[in-house]
Amino acid sequence: MAKTAHNQNMNIIVFLLGILSVCAFSPFVSRSLGDIVLFIIIGLIILLEINLFPRCSVKKKNTIVLITCYLLLLGIYKIIGISDASMSFHFNIFRFFLIFICMMPLYDMLSKKQIRFLITVCLLTIAVTLFQNFLLKLRYGEGYSQRLYSLKGVKEVVNTYYTSALLMVSGFLFCAFLHEKSKGKKFFWFLGTVVCLLFNFIVTQRGIPLVLSALMFPLLILFNNDDRSRKTYIKVTVFIVIAVIMVIELDDILSWIGAMTGSDRLERRLNLLAVIWDEGGLESAEGSSLAVRFRLMGVSVNTFFSSANCFFVGSGLNTSTNHVVGNHSQLLDEFARYGIFGGLLSLYNLRSMLKITKGSTVGHSVPSIQKQINVLFLIFILRALLGFVYDTAVAGAMFILMPLMFKLMIMKRGNEEC
């Protein structure tokens, strides 16, 4: 009887996680349901998991406590008026951490069938969202997401956060492609990778995902091995030689890639990078979006060091102006907003969340998968340095889809070796 009740409870949790996954990866569903419904779903999941948390390790319990402290800090700053951001902005950050808390006790408890169900829900929702936005691009043309995102009637349009999530998803799919043995499934994972890449490059036309993708995929290929054989050292040597050549000829390579994308927006940005690299400074990029991004990152740094009050307490979550917090770097902005203690708390929580996710997913098995996850974490941190990542879609990618996909890879690998 107890086992039957446990299984029923797990099935309900997985069903609710499926709904939460749809909300994470579908802007249309998320905006249609609203923040209250999303928090009710999260609250129900945590309530059903309440007996699981005492069984968690000390590290996991400590992480929950510190995440709670961080979220309380955000709430206090909002209540006393230090932060001027909207409630929806705060809710998005809350959901990022709460999705991790929902998933944390479950990584070692889900069956293969439940894992496949959640992965299918995530990927189908992403596919529908990409198709919806592809239709919007055909209708409204270049830059549609920036123009339509603030319109309440167009709920399915994605934002910058979503392209960051999609960058990570393309990496997960490519790893699945590298480890898959079946030719049919291998083609499916490769197709998914290409679709995600083309969407970011052609539909939303984001420059940072393009640059980070160019770093991510070679590294994933490089570390797709489980030994330290001569073959591995040859691959590392070849990679280093190619990297050196690319650095030497980077300006020409960037110009060539820009021309190949077929996007005027991306071509302009990549040509700008080429000019900056060739001339060795940002002066040549004055007035460009890249120069503005680095200038605004500097605003957060300057605010953090501007006074003792800003250093220890911070200026709050300021979104109405870029003169205090640059709002273009998750990592740097945290220190400008919440001071040294809040900034370090935020970074520590992020580190612990990634470490727990990796440990619960692969443990000490399969060296190639461990190394590839490290590569994905590196890309994630770089994205956090160059933009925002505390978002529902990013949490869905990093704490639901990624660990489950790698968990399934390891399960299949174990069956093949038996």
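Q: Is Ile40 buried, partly exposed or exposed?
A: Ile40 is partly exposed because its relative accessible area is 49%, where buried means under 20%, exposed over 50% and partly exposed in between (1.4 Å probe, protein chains only). This is a predicted model: local features need pLDDT of at least 70, side-chain atom pairs count only at pLDDT 80 or more, and totals for chains, interfaces and linings use all residues. Residues are numbered from 1 along each chain as its sequence is written, and side-chain values use heavy atoms, with hydrogens and water left out.

Q: Which helix is Ile40 in?
A: Helix α3, residues 35–48; helices are DSSP runs of H or I with at least four residues, numbered from the N terminus.

Q: Which residues make the nonpolar surface patch?
A: Ile36, Ile40, Leu44 and Leu47, covering about 410 Å². Patch residues have over 30% relative accessible area and no salt bridge, with nonpolar side chains joined within 5 Å; areas come from the Shrake-Rupley method with a 1.4 Å probe.

Q: Switching to charges. How many salt bridges?
A: Four, counting a side-chain nitrogen of Lys or Arg within 4 Å of a carboxyl oxygen of Asp or Glu. One of them joins Lys407 and Asp108, at 3.3 Å from N to O. That pair links distant parts of the chain, 299 residues apart: Lys407 is in helix α18 (residues 392–417) and Asp108 is in the loop between α5 (87–103) and α6 (112–140).

Q: Which of the two ends is buried and which exposed?
A: Lys407 counts as buried at 15% relative accessibility, while Asp108 counts as exposed at 55%.

Q: What does Lys412 pair with?
A: Glu180, in a salt bridge of 2.6 Å, N to O. Lys412 is in helix α18 and Glu180 in the loop between α8 (160–179) and α9 (183–203), 232 residues apart. Lys412 is buried at 19% relative accessibility, and Glu180 is buried at 10%.

Q: And aromatics, how many pairs?
A: The structure holds 22, with ring centres of Phe, Tyr or Trp (its six-membered ring) within 6.5 Å; planes under 30 degrees apart count as stacked, over 60 as edge-to-face and the rest as tilted. Tyr70 and Phe97 have centres 5.1 Å apart and planes at 50°, so that pair is tilted. Tyr70 lies in helix α4 (residues 58–79) and Phe97 in helix α5.

Notes. Patches are made of residues with over 30% relative accessible area and no salt bridge: like charges are joined within 9 Å, nonpolar side chains (Val, Leu, Ile, Met, Phe, Trp, Tyr) within 5 Å. Helices (H or I, at least four residues) and strands (E, at least two) are DSSP runs, numbered from the N terminus.
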